[in-house]
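Here's a quick briefing to read with the model open beside you.

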Amino acid sequence: MRRTARNTIVGVAAAAALAIPALFAAPATAGTSTAATTHASGSTGTASWTSLAAAGEPDVNPLKGFIPFAGSYTAFPYSMEWAYFPVNAVMTGPDTFDWSALDTALNAIAARGHQTAFRFYLDYPGQPSGVPQYLLDGGLATHSYDDYDNNGVSVSPDYDDPNLRTAIDHFVAALGQRYDGDARVGFVQAGLIGFWGEWHTYPYNGDGGQPNWMPSDATQLEVLTDFTDAFHTTKLMVRNPTTMNASLPIGYHDDSFALETKTSSLGWHFMDNMVAAGATDKWKTEPIAGELRPELQPCLFSAAGCPVLEDGGDNDFAGSADQTHASWLMDHYAFETGYSAADKPAALAASTSLGYSFRATQALVPSSTAPTTVSVGLSVANVGRAPFYYDWPITLSYLNASGAAVKTVTTSWHVSDIASGASTQFTGSVDLTGVAPGTYTLVAQVTNPLAGGLPIRFANAAQDATKAGWLTLGTTTVHSASTASWHGHGGPGGHGGHGGQCPRGGLRAV
């Protein structure tokens with residue numbers, strides 16, 4: 001993400017941070033959907049699992065797809081924005097911080113309904129140094145350089161300096177204390193080290209007679225441990241897969257995606273490093289992301305394609321996505337310049353192919369009932385390349401004929417429980433006591449904890465059919481208690497019996 005020389009701190013009126021909600025109960029069952037029937041007496045009819053028609057992945061979903069540098073754009077759909085910050089924008093002393101620059105940017109992005117992925121740096125070629133002034137005044141040794149069009153503007157600090165190491169310890173701890181679990185934040189990259197915070201100082205890496213400006217292994221591990229100690233909810237990423245970080249709860253970002261990504265005979269591509277680190281399955285628990293190589297962004301999705309930029313490069317987007325299981329990529333060209341009408345469909349297909357894709361395959365919705373507790377269910381498959389990494393719950397809502405919600409419940413069902421290529425059946429019960437007689441449409445969404453944030457939409461034909469942001473599951477007619485009675489009966493895979501008890505799939509009214 002280094003090649004677009006643009007700082008992304010933007011302003012907006014302050015807004016309160018929203019914490020990501022706590023974990024609920026486990027899903028009711030796992031595996032493919034099984035048939036279940038809920039029987040009713042009198043005029044209440046019968047409910048059974050019904051199939052839901054499939055559709056393509058929606059053009060935009062949270063925390064996945066192509067993203068831009070922070071800003072408002074109309075050329076391409078997006079749900080998240082990228083921002084860099086210098087450490088000295090917030091760290092004013094050894095233990096003093098002014099977070100207004102970060103909060104201003106997060107609030108501006110959240111006001112657009114988007115989450116933020118960000119990184120802090122100490123050294124960004126061509127930008128003023130990000131080292132806190134008190135460290136420079138205290139005698140921190142630095143290296144001047146002209147590479148990457150820097151021309152002496154930024155400096156590379158001595159990362160092994162004890163005062164800088166202490167400063168990094170304090171900074172990361174304070175960052176995590178304030179922002180871990182903040183709903184405005186999608187991902188935090190463990191930057192700080194190297195040019196652009198990308199954990200390299202090439203060509204000053206000790207090869208070819210050049211000095212090595214990278215920190216010692218001990219310092220690198222200390223910085224990584226600082227991040228993993230400070231962040232327990234918000235997902236982390238670092239640039240390079242190594243044996244040092246392979247066992248840590250941290251994902252990766254490939255900032256030369258589709259050029260230097262796939263395994264190769266060269267031995268140093270992103271996936272070569274993943275193999276060497278023994279981390280090829282890490283995507284199952286930790287996110288993979290990055291930046292589509294900037295030189296490829298304007299041409300990769302055209303009929304003519306792009307020229308190969310270097311030996312070993314293959315310009316293979318789909319193959320790179322298959323090997324990495326990437327969830328999101330920077331592609332600022334898509335937003336600031338925009339693709340032509342001829343190229344945009346391929347770019348959009350590439351964007352939507354990243355990360356998770358949830359498709360509801362069946363729903364259990366009683367056709368009729370008295371105003372009592374009813375059994376409901378939903379089978380969901382993840383047909384995408386990656387899991388969803390946060391415990392966002394599925395919300396159910398009953399809508400009246402005018403589209404107004406008369407009953408909304410937050411379930412204990414989490415799509416994060418559904419691995420890529422797997423399916424899970426969720427079951428539970430909803431108390432409709434007090435709901436007036438009438439016919440209601442049951443809809444579902446995966447609710448974003450960010451106020452005004454985009455919900456996860458399903459890859460189904462009935463997505464947004466009744467209400468924007470919601471998947472239509474079916475209709476239920478509620479009769480008056482005096483004209484109908486209803487009781488639950490659990491079929492295979494269901495939890496409708498035993499007095500409506502649902503030990504693993506309970507719902508919570510909101």
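What follows is a short tour by topic, from the whole chain down to single residues.

Keep in mind that this is a predicted model. The chain has eight helices and 24 strands, and buried residues account for 55% of its 510 residues.

**The chain overall**

- Take the contacts between residues at least 6 apart in sequence: 75% of them join residues at least 24 apart.
- The chain exposes about 18,600 Å², and 52% of that comes from carbon and sulfur atoms.

**The nonpolar cores**

- In soluble globular proteins, nonpolar side chains tend to be buried together.
- Here the largest nonpolar core has 52 residues, and the members touching the most others are W328, F358, L378, F388, I394, L396 and L473.
- There's also a second, separate core of 50 residues, with V172, M214, V238 and Y389 among them.

- Strand β8 covers residues 115-121, and seven of its seven residues are buried, so the rest of the structure largely encloses it.
- In a regular strand the side chains alternate between the two faces of the sheet.
- For β8, Q115, A117, R119 and Y121 sit on one side, with T116, F118 and F120 on the other, and both faces are covered.
- Strand β5 (residues 80-86) runs parallel to β8, and seven bridges join the two.

**The loop between β11 and α4**

- Most residues other than glycine have a negative phi, and most peptide bonds are trans.
- L192 is in the loop between β11 and α4, and its phi is positive, about 75°, even though it isn't a glycine. L192 counts as buried because its relative accessibility is 1%, below the 20% cut-off.
- W196 belongs to the loop between β11 and α4 as well. Its phi is also positive, near 60°, and again the residue is not a glycine. With a relative accessible area of 5%, W196 is buried too.
- The peptide bond between Y202 and P203 is cis, with omega about 10°. You'll find P203 in the loop between β11 and α4.

**Helix α4**

- The buried residues of α4 are T219, Q220, V223, L224, D226, F227, T228 and A230.
- An α-helix has 3.6 residues a turn, so residues three or four places apart point the same way.
- The cover over the buried residues of α4 includes α3 (162-179), β11 (185-189) and β12 (235-238).

**The disulfide**

- A disulfide is a covalent bond between the sulfur atoms of two cysteines.
- The structure holds one disulfide. C299 and C306 form it, with their sulfur atoms 1.9 Å apart.
- The link of C299 and C306 is right-handed, with 115° about the S-S bond.
- C299 and C306 are both buried.

Note on methods: Residues are numbered from 1 along each chain as its sequence is written. This is a predicted model: local features need pLDDT of at least 70, side-chain atom pairs count only at pLDDT 80 or more; totals for chains, interfaces and linings use all residues. Side-chain values use heavy atoms; hydrogens and water are left out. Buried means under 20% relative accessible area, exposed over 50%, partly exposed in between (1.4 Å probe, protein chains only). Helices (H or I, at least four residues) and strands (E, at least two) are DSSP runs, numbered from the N terminus. Contact means heavy atoms within 4.5 Å. A nonpolar core is a set of buried Ala, Val, Leu, Ile, Met, Phe, Trp, Tyr and Cys residues joined through side-chain atoms within 4.5 Å. Accessible areas come from the Shrake-Rupley method with a 1.4 Å probe; for residues, only the protein chains shown count as cover. A disulfide is a pair of cysteine sulfur atoms within 2.5 Å. Two strands pair if DSSP finds at least two bridges between them.
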